[in-house]
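Dear colleague,

I am handing over the structure that I have been looking at, and you will find the sequence and the model directly below. Please read the notes after it with the model open beside you.

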Amino acid sequence: MDKLVVGNLKMNVLSPLERDRYLDLMKKELSGKELSKTEIILCPPYVHLESFKKGIGEKIKIGSQNIFWEKEGPFTGEISPAMVKNYGGEYVIIGHSERRKYFCETDEEINLKIKAALKASLRPIVCVGETKLEKDANQTMKVLSCQVKEALFGINRTKIEQVAIVYEPIWAVGTDVVPTSNEIMEAKLLIRKILIETFDKRYSEGVRIIYGGSVNSKTVREVCIEPGMDGVLIGRESLTPFEFIKIAEIINNG
Ligand code: PGA
């Protein structure tokens, strides 16, 4: 199973000029690099989906940072899974903590989005994670368990392999504070257990469980390689192609 290295560009890359500069740098970093054991995905803002797809080359796949669950119609400001797919997207991040926080996304809505993505043949990258308050109250496992179960409720087991799950503690996003390898491993084991109980081992063993939150070239061994994670979701460092590809190389060679 190839490791996933996902870049979440968030609300950055503000102009065509910035976009072109970014794509040029990324292509330079990629050239001549052997990254055959990783699947690299970039999730730019919607406005750049098409140009990223055309400009980035074969080595990187494209995804969006969100979708709406309806296919088309009177939903002002929303983007449907079919649109992402038709503009070259293969993946979609769903349930990122910033969407849960600023746009009040619920587990129920996240579930609808995952189902809509799968229906449109987009692969969901589903984020789950606890707040600092929940961690301090020893609620991490309970929170993760609820989020995973509700997100994946009613999904056909023949489709579950298309899903990747990100353990992304909210207190680790953008903070440079990361959990210990053991904490990450515990979260991974819990998520794997829920997957096996819900979907059967045979159907769920291909589901990749990755880590997100303050991943950089210094933390990547502790947060991904040591706990045996199947990849990473990278925020800030994905804005610097040199750093992003450096992390991908460490994972590829790990
Ligand atoms: P970060 O963000 O790498 O900047 O902590 C990760 C994320 O929000 O997905």
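The notes below begin with the ligand and then turn to the pockets and cavities.

Please keep in mind that this is a predicted model, in which local features need pLDDT of at least 70 and side-chain atom pairs count only at pLDDT 80 or more, while totals for chains, interfaces and linings use all residues. Residues are numbered from 1 along each chain as its sequence is written, and side-chain values use heavy atoms, with hydrogens and water left out.

**The ligand**

The ligand is surrounded by 13 residues, of which Lys10, His96, Gly174, Ser214 and Arg236 are the closest (a residue is near a molecule if one of its heavy atoms lies within 4 Å of it). By class, this shell consists of four nonpolar, six polar and three charged residues, where Ala, Val, Leu, Ile, Met, Phe, Trp, Tyr, Cys and Pro count as nonpolar, Asp, Glu, Lys and Arg as charged, and the others, Gly among them, as polar.

A polar side-chain atom of Lys10 lies 2.6 Å from a ligand oxygen, an N or O atom in the side chain of His96 is 2.7 Å from an oxygen atom of the ligand, and for Gly174 a polar backbone atom is 2.7 Å from a ligand oxygen. Taken alone the ligand exposes 290 Å², and the protein buries 99% of that (areas by the Shrake-Rupley method with a 1.4 Å probe).

**The pockets**

The ligand sits in the second largest pocket, in the sense that more than half of its atoms lie within 2 Å of the pocket's grid points. A pocket here is an open set of points on a 1 Å grid over the protein atoms alone, with protein on both sides within 12 Å along at least five of seven lines, whereas a cavity is a set of points where a 1.4 Å probe fits but cannot get out; lining residues have an atom within 4 Å of a point.

About 210 Å³ of space lies in the second largest pocket, and its lining is made up of 18 residues, with Lys10, Val173, Gly174, Gly235 and Arg236 nearest its centre. The largest pocket has a volume of about 550 Å³ and is lined by 21 residues, of which Lys10, Met11, Gln65, Arg99 and Phe103 lie nearest its centre. By class, the lining of the largest pocket has eleven nonpolar, six polar and four charged residues.

**The cavities**

There are two cavities of 30 Å³ or more in the structure, a volume being the space filled by probe spheres set on grid points that are joined across faces, edges and corners. The largest cavity, with a volume of about 50 Å³, has a lining that includes His96, Cys127, Gln147 and Glu168. The second largest cavity has a volume of about 30 Å³, and among the residues that line it are Leu4, Tyr91, Arg123 and Gly206.

With best wishes

How values were computed
A polar contact is a pair of N or O atoms within 3.5 Å; within protein, one must be able to donate a hydrogen and the other to accept it, and residues adjacent in sequence count only if both atoms are side-chain atoms.
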